[in-house]
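Morning, everyone. I have one structure to show you today.

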Amino acid sequence: MTPTTYSTILTAALCAATLGFVGAAQADDDENTMTLSEQYADDLRQGRLHVEGDHAAVTELILKKNLPIPYSYVAQLMATPNAFGSGPACIVCHASSDPNKSYRGLDLSTCDGIKAGSTQSPARVLFVPGEDPKREIIGRHLRNNRMPFGVSFSVSKDQPEIQAIEAWISGGAVNDDHFQKNILPLFNTDNVFAEDMPACSTCHMSNQEPPSFHELDLTSYDGIMLGADSVAHGVDHATKVIIPGQPELSGVFQHLTEDRMPPGIDPTEDRDHPNTQILFAWIKQGAQCR
Ligand code: HEC
Ligand code: HEC
């Protein structure tokens, strides 16, 4: 190829690329035909991409591009210490479906085991393949800190105070004398759920954040029933933390009884760890075992 024809072809290619971005529809077509590396180079050139740190790299280069996550990476995450924040690897405690050998009979050491979930009663799956697992069992155990914030995982969950809240939710979560006398004070008194633990209302006292975490107000019946983030998301889209009749679906009960994994992880550790995001992407893509 002579230098002339080469530069002619190059110019033509550049013109086509430039023209391609004149109309939005045209740009979409180009996105589809460009390889990932070409898109990457193009995004950098156009100033559309800013990648600083591993969070941004994961978000911009993996999640937004919906790269298929291989199961082999998930297998490795389950077997690696500190994969989702400091602590031992998941499979140290969850590597068999036999409840005498693995907590909850949960086997995270195989793809089938991950999809089968906990085999001990109540047996249950941890997520639905293809759906966002953030509020499912796997998402809650990787992201949510047990409340009161900072409570040790060694504090028992079979305590009368938690059972009283569970029974109140099961009974329809009504605002009666029993609620006002026996339930509401549980949220507003120090040291109820463990020694040296501030009252829930120390951190959840109004619909303003700061100072109230997640704009959650646990000081009144109306506040508790309104739920979290009612200002940020609007009253109609607040996150309900009480589902009358269904404690296991109620955020308050979940947060009182579910420990973040691995046990003992510092509650201030990043709840959106890049590896947590990658595991979630694998699940959203259908949790393929290949
Ligand atoms: C040191 C041991 C240990 C490690 C390490 C560990 N877990 Fe757990 N896991 C437990 C215990 C104990 C429970 C609670 C058992 C109970 O409540 O009866 C549990 C419960 C769970 C549950 C709830 C299952 C259900 O049906 O209720 C999930 C999900 C879970 N772990 C996932 C993980 C993941 C993911 C990792 C790795 C980040 C991990 N665990 C690391 C000990 C561990
Ligand atoms: C020391 C402060 C503190 C205390 C005390 C506290 N929380 Fe929290 N709470 C937080 C923080 C911080 C979060 C943010 C999420 C996380 O870390 O899991 C949170 C989140 C929550 C959520 C999730 C809201 C949502 O967006 O879905 C619920 C429910 C909750 N807390 C209930 C309680 C209950 C019930 C108590 C008392 C048993 C309590 N909290 C005590 C700090 C606190």
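Start at Trp 282. Leave out residues up to four places away in sequence, and Trp 282 touches Ile 69, Val 74 and Ala 287. Keep in mind that this is a predicted model.

Now widen the view. Trp 282 belongs to the largest nonpolar core, which has 22 residues. Trp 282 is among the members that touch the most others, together with Met 78, Cys 90, Ile 91, Leu 108 and Ile 283. Which elements give two or more residues to this core? They are helix H5, residues 71-78, then H6, H8 and helix H14, residues 274-284. H14 provides the largest share, four residues. There is also a second, separate core. That one has 21 residues, including Met 147, Phe 193, Ala 199 and Val 241.

Next, the ligand. Ligand 1 has 20 residues around it. Which come nearest? Cys 90, Cys 93, Tyr 103, Ser 118 and Met 261. Helix H6, 90-93, and helix H8, 137-143, each supply at least two residues of this shell. H8 gives the most, with four residues. By type, the shell has 14 nonpolar residues, four polar and two charged.

Last stop, Ile 114. You'll find Ile 114 in helix H7, residues 111-116. Is Ile 114 buried or exposed? Count the other C-beta atoms within 10 Å: there are 26. Buried takes 20 or more, so Ile 114 is buried. One distance to finish. Ile 114 and Ala 95 are 19 residues apart along the chain, and their C-alpha atoms are separated by 9.8 Å.

Terms used
Residues are numbered from 1 along each chain as its sequence is written. Chains are lettered from A and ligands numbered from 1 in the order in which they are written. This is a predicted model: local features need pLDDT of at least 70, side-chain atom pairs count only at pLDDT 80 or more; totals for chains, interfaces and linings use all residues. A residue is near a molecule or strand if its C-beta atom, placed from the backbone, lies within 6 Å of it. Ala, Val, Leu, Ile, Met, Phe, Trp, Tyr, Cys and Pro count as nonpolar, Asp, Glu, Lys and Arg as charged, and the others, Gly among them, as polar. A nonpolar core is a set of buried Ala, Val, Leu, Ile, Met, Phe, Trp, Tyr and Cys residues joined through C-beta atoms within 7 Å. A residue is buried if 20 or more other C-beta atoms lie within 10 Å of its own, exposed if 12 or fewer, and partly exposed in between; C-beta atoms are placed from the backbone. Two residues are in contact if their C-beta atoms, placed from the backbone, lie within 7 Å.
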